[in-house]
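Subject: Structure handover

Hello,

Here is the structure I promised. Please load it before reading on; my notes follow below.

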Amino acid sequence: MSRTVSGPAPDPGGRRLPRTLHPVAWWIWALALATAVSRTNNPLLLLLVLAVLGYVVTVRRTEAPWARGFHYYLGLALVVIAIRVVFRAVFGTGITPDDHFLFSLPTIPTPDWYAGIRIGGPVSLEALLSAATEGLRLACMLCCIGAANTLANPKRALRVLPGALYELGVAVTVSISVAPQLVQSVRRVHRARRLRAGRTKGLRALRGIVVPVLEDALERSLRLAAAMDSRGYGRAGSATRRSRRLTGALMLLGMCGLCAGAYGLLDATAPKPLGLPALAVGALLCLGGLRLGGRRVTRTVYRPDPWRLPEWAVAGCGVLSAVLLFSGAGFDAAELNASLYPLGWPALPPVPAAAILLAGAAGFLSPPPSAVPVRGVPAAESASRAAARRTEDSAL
């Protein structure tokens, strides 16, 4: 009697067969890790999160266009940190006698209605370090989203959205895949120019790069529109006016319930029914509205993504890491927030560090990604190229 195997079947060599992990599993893992990041501003823990993200992306990314943009998110993270530090230095709040004075900026007088905010003045080391750690936390959250975009196929994630959010999901999918596609177009045009011995550089080469890139983007848009039209996208459903009004009322009341529940959880003085009960009622109303609104869109899914043991393991690693950091079990919650007074090297709490390293277990609990075959190149050779590129990236 045959039975269904819950995980990927091992090959004769004892290794797991490559396959693409469910995109929702990667998004749950990344969002849970971003939630854990919001709990701390310890720079050592935040750097450990970046190391975990880099490891998982290196060993589990594919060769698809959207999987090559993680280093751009790292560059954007550095820009975020720099902007945060500059803003803290320019819009200073003064220094205390315990601060270490670094330099002073010219002071610009502000009107009375702008009281409380000063432009320029003395800048201390503690102020810059505080701004850097706050910017590092925001940068880590940005890199978590970047890791999800790198590891998860955005088009495959679109298929698991409810029918009521299908149009919104298409817009989001197109928007998050624009940057990787542009990067791919720029690389392809640059490679073609090198093959044609194009030696023009600087602003003179801008015309020869921008025009082909825009032309390629236009062709991709036309192909996407033709594909959507051939699949019946945008057709009207069978929902009546009464059904549409009921769907809108459920969604509106559900969003109000979610807002009231979030306010009740954040405000300690709010009544108890305004917390979790309002949040639960709002979530149920939103689910009912999505369920009812999904009947307007009838669509089929070809080869749906399976949800097996590796998906549970990857999502569980991220969720468990966030739960450990928010529960405060086995460590003092003050260890998550490094103090700058007195100024010293922050301590690395072992339990939160172990929780973050637990999220890194997704790198070997998930199956190896399936290689994307290159046109004109056999699948085995494409897989060997992908493995070699990942080895070079890890060596760097």
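Does leucine 324 count as buried, partly exposed or exposed, and at what relative accessibility? It counts as partly exposed, because its relative accessibility is 27%. Please keep in mind throughout that this is a predicted model.

**Overall**

The protein chain has 396 residues, and 33% of them are buried. It holds 14 helices and 2 strands. Take the contacts between residues at least 6 apart in sequence: 78% of these join residues at least 24 apart.

**Leucine 324 and α11**

Leucine 324 sits in helix α11. Setting aside neighbours within four places in sequence, leucine 324 is in contact with Ala329, Phe331, Ala355 and Leu358. Valine 351 is 27 residues away along the chain, and the two C-alpha atoms are separated by 8.3 Å.

The helix itself covers residues 309-327. Its length checks out. With 19 residues at 1.5 Å a residue, α11 should span 27 Å; the end C-alpha atoms are 26 Å apart, which agrees.

Which residues of α11 are buried? They are Pro310, Glu311, Val314, Ala315, Cys317, Gly318, Ser321, Ala322 and Leu325. These pack against α1, α12 and α13. After α11 comes glycine 328, with a positive phi near 75°.

**α12**

Helix α12 runs over residues 350-359, and its buried residues are Pro352, Ala353, Ala355, Ile356 and Ala359. They cover an arc of only 155° around the axis, so they sit on the same side of α12. Pro350 and Leu357 are on the other side of α12, and they are exposed. As for partners, the buried residues of α12 pack against α1 (23-37), α2, α11 and α13 (362-365).

An α-helix has 3.6 residues a turn, so residues three or four places apart point the same way.

**α3**

Helix α3 takes in residues 70-90. Its 21 residues should span 30 Å at 1.5 Å a residue; the end C-alpha atoms are 31 Å apart, which agrees. Phe70, Ala77, Val80, Ile81 and Ala89 are its buried residues. Seen down the axis of α3, they fall within an arc of 165°, so they line one face of the helix. What do the buried residues of α3 pack against? Their partners are α2 (43-60), β1 (101-108), β2 (119-124) and α4 (125-151).

**Tryptophan 26**

Tryptophan 26 lies in helix α1. It counts as buried because its relative accessible area is 2%, and the cut-off for buried is under 20%. Leaving aside neighbours within four places in sequence, tryptophan 26 is in contact with Leu21, Val56, Arg60, Ala148, Leu151, Ala152, Val314, Ala362 and Ser366. Val314 is also among the buried residues of α11. Asparagine 149 is 123 residues away from tryptophan 26 along the chain, yet their C-alpha atoms are separated by 8.8 Å.

**Cavities**

How many cavities of 30 Å³ or more does the structure hold? There are 3.

**Two more residues**

Methionine 141 is in helix α4. At 29% relative accessibility, methionine 141 counts as partly exposed. Not counting residues up to four places away in sequence, it touches Ala34, Val37 and Ser38. Methionine 141 and serine 38 are 103 residues apart in sequence, and 7.6 Å apart in space, C-alpha to C-alpha.

Where is proline 273? It is in the loop between α9 (241-266) and α10 (276-293). Proline 273 counts as exposed, because its relative accessibility is 57%. Alanine 260 is 13 residues from proline 273 in sequence; C-alpha to C-alpha, the two are 9.7 Å apart in space.

Best regards

Key
Residues numbered from 1 in each chain as written. Predicted model: local features only at pLDDT ≥ 70, side-chain atom pairs only at ≥ 80, totals over all residues. Heavy atoms only, no water. 1 Å grid on protein atoms, 1.4 Å probe; cavity = no way out; pocket = protein on both sides within 12 Å on 5 of 7 lines; lining within 4 Å. Points joined across faces, edges and corners; volume = space filled by probe spheres on them. Helix = DSSP H or I, 4+ residues; strand = E, 2+ residues; numbered from the N terminus. Expected span 1.5 Å × (residues − 1). Buried < 20%, exposed > 50% of the residue type's maximum accessible area, 1.4 Å probe, protein only. Arc of directions from axis to C-beta. Contact = heavy atoms within 4.5 Å.
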